[in-house]
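Subject: Structure handover

Hello,

Here is the structure I said I would pass on. Please open it first and keep it on screen while you read the notes below.

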Amino acid sequence: MNFDFENVMLTSHYTYDVEIYQCLGFSSENRRRAFLERSRPNALVVTYLTRECGDPDAGCVVGIGLTNGLLGSMRDFTPRHAHRANCAEVCDNWPFAIQYNRAWSISKKDRMDVRDFAPITYEVQYARDIGARGRLLAQCEAKKIASLHLKELRLVR
């Protein structure tokens, strides 16, 4: 796969349910705007799970999404067939979104702590900002994507 390694953002979330929530969600329009200002159209987004999520992979890089520039709400990008019990609550918490065109899950064996994957970009003092608005990865960090075993996820509209 050919990726633009100069346009790769790092973010964090409590889950990586891209097959359900087929977008990158934000809690406010200002945060989504800040992400858009920091990136270019069709940005790749590397997601790691927050340390507070309680998942065994907390703190690890777990997935990658390719944005397509389409803006809307998380509800707009969540197919009806994918809705589950807590879907309304999740969509209400992240009402501003950018749709993913494609997405991949990183194989369990390739998942690594975000501090190892992005030692230049990730610093503990920036963790909240990374989760809220995203942060551009250093090109040498972004190029690590090429060596990961990725499974493309099925995004059904």
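Lys 144 lies over the face of Phe 117, with 5.7 Å to the ring centre. A charge counts as over a ring if NZ of Lys or CZ of Arg is within 6 Å of the ring centre and within 35 degrees of the ring normal. Arg 135 is placed over a ring too, that of Tyr 126, at 3.9 Å from the ring centre.

Before the rest, some notes on how to read the model. This is a predicted model, in which local features need pLDDT of at least 70 and side-chain atom pairs count only at pLDDT 80 or more, while totals for chains, interfaces and linings use all residues. Residues are numbered from 1 along each chain as its sequence is written, and side-chain values use heavy atoms, with hydrogens and water left out.

Confidence

The pLDDT is the predictor's confidence in each residue, from 0 to 100. Its mean over the protein is 89, and 91% of the residues reach 70 or more. Helix 3 (residues 114-117) has the highest confidence, at 97, and helix 2 (residues 87-93) the lowest, at a mean of 67. Where pLDDT is low, the predicted coordinates should not be read in detail. Helices (H or I, at least four residues) and strands (E, at least two) are DSSP runs, numbered from the N terminus.

Aromatic pairs

Rings of Phe, Tyr and Trp (its six-membered ring) pair if their centres lie within 6.5 Å; planes under 30 degrees apart count as stacked, over 60 as edge-to-face and the rest as tilted. By this rule there are two aromatic pairs. Phe 26 and Phe 35 make a tilted pair, 5.5 Å centre to centre and with 50 degrees between the planes. The rings of Tyr 48 and Tyr 122 have their centres 5.7 Å apart and their planes at 85 degrees, so this pair is edge-to-face. The pair links distant parts of the chain, since Tyr 48 is in strand 3 and Tyr 122 in the loop between helix 3 and helix 4 (127-133), 74 residues apart.

Phe 26 and Phe 35 are both buried. Tyr 48 counts as buried because its relative accessibility is 3%, and Tyr 122 because its relative accessible area is 9%.

Helix 1

Which residues of helix 1 are buried? They are Arg 32, Ala 34 and Phe 35. Seen down the helix axis, they fall within an arc of 155 degrees, so they line one face of helix 1; the arc is that of the directions from the helix axis to the C-beta atoms. The face turned away from this buried side carries the exposed residues Asn 30 and Glu 37. The buried residues of helix 1 pack against strand 1 (8-13), strand 2 (23-26), strand 3, strand 4 (61-72), strand 5 and helix 4.

Leu 36 also lies in helix 1, and counts as partly exposed because its relative accessibility is 35%. Contact means heavy atoms within 4.5 Å. Leaving aside neighbours within four places in sequence, Leu 36 is in contact with Leu 71 and Ile 98.

Asn 42 is not a glycine, yet has a positive phi of about 65 degrees. At 47% relative accessibility, Asn 42 counts as partly exposed.

Strand 5

Ser 105 is found in strand 5 (residues 96-106), and is buried, with a relative accessible area of 16%. Which residue does the side chain of Ser 105 meet in a polar contact? That residue is Arg 111, whose side chain is the partner at 3.2 Å. A polar contact is a pair of N or O atoms within 3.5 Å; within protein, one must be able to donate a hydrogen and the other to accept it, and residues adjacent in sequence count only if both atoms are side-chain atoms. Not counting residues up to four places away in sequence, Ser 105 touches several residues, among them Tyr 16, Val 62 and His 149.

Gln 99 is in strand 5 as well, and is buried, at 9% relative accessible area. Its side chain is joined to that of Asn 68 by a polar contact of 2.9 Å.

Regards

Technical notes: Buried means under 20% relative accessible area, exposed over 50%, partly exposed in between (1.4 Å probe, protein chains only).
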